[in-house]
Amino acid sequence: MMSPMVKSYLSKFQTSLKALPEEEMQDAIREIESHIMHGIQDGQPEQIILARLGDPKKLAKAYSSEYISQTNPRSFKEVMSKIGFYCTAGLLSIAVVPILGTIAYGFGFCAVIIVLAGIIRTFGATWINMSIAPGYEVPAVWSFPFALVVASIIGAIAFVSWKNLKNYLAALSDRYHSMLETRIRG
């Protein structure tokens, strides 16, 4: 009879094996369940057995990796597909990630500085210059509202860059995981 703790562990393990074919998944579950039951029969506490097995997600990842490495050799098409993915993702990431990251964090920081400068200038710091065009200085009274407008524009650019960076990295991750799942199912 399994305790709720063991059932919970095996349930998390099974959920994490969802990419494996059904037969492989059941074999892995039976193997871990057998390991746990043998440990209990030998008098080991469940907590220690489960602690030795480690995180069920990591254990499932190890089983999935082993399955991938033992399946049929890769086809030429699959190898070329992976080479294409890694080359394009790598080369594109060299430009996309630093540019979007710099814009997102740099512009975000600048938006905060602009608001602070507007506040400070409103209270009489004349050494802070704010101009709309050459020769037209923003009056000190309008420094804060002007700073809010400019900071909003700069902040919006930072936010859009951050969102695009996040979406780009998620798309790369999804593509990579779909390649792995194709390999498992194939």
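A: What follows goes through the core and then the ring pairs.

This is a predicted model, in which local features need pLDDT of at least 70, side-chain atom pairs count only at pLDDT 80 or more, and totals for chains, interfaces and linings use all residues. Residues are numbered from 1 along each chain as its sequence is written, and side-chain values use heavy atoms, with hydrogens and water left out.

First, the terms for the core. A nonpolar core is a set of buried Ala, Val, Leu, Ile, Met, Phe, Trp, Tyr and Cys residues joined through side-chain atoms within 4.5 Å. Buried means under 20% relative accessible area, exposed means over 50%, and partly exposed lies in between (1.4 Å probe, protein chains only).

The largest nonpolar core has 18 residues. Phe 13, Leu 17, Ile 32, Ile 36 and Leu 53 touch the most other members. Four helices each supply at least two residues of this core: α1 (4-16), α2 (22-41), α3 (46-53) and α4 (56-70). Helices (H or I, at least four residues) and strands (E, at least two) are DSSP runs, numbered from the N terminus. The largest share, five residues, comes from α2.

Now zoom in on Ile 36. Leaving aside neighbours within four places in sequence, Ile 36 is in contact (heavy atoms within 4.5 Å) with Val 6, Tyr 9, Leu 10, Ile 49, Leu 50 and Leu 53. Another core, of six residues, lies apart from the largest one. Its members include Ala 117, Ala 125, Ile 128 and Ala 147.

Next come the rings. The structure holds two aromatic pairs. Rings of Phe, Tyr and Trp (its six-membered ring) pair if their centres lie within 6.5 Å; planes under 30 degrees apart count as stacked, over 60 as edge-to-face and the rest as tilted.

Phe 13 lies in helix α1 and Tyr 63 in helix α4, so the pair ties together parts that are 50 residues apart in sequence. Both Phe 13 and Tyr 63 are buried.

The other pair is Phe 159 and Trp 162. Here the centres are 5.9 Å apart and the planes are at 40 degrees, so the pair is tilted. Phe 159 and Trp 162 are separated by about one helical turn because they are three residues apart in helix α6 (residues 143-185). Phe 159 has 47% relative accessibility, so Phe 159 counts as partly exposed. Trp 162 is partly exposed too, with a relative accessible area of 32%.
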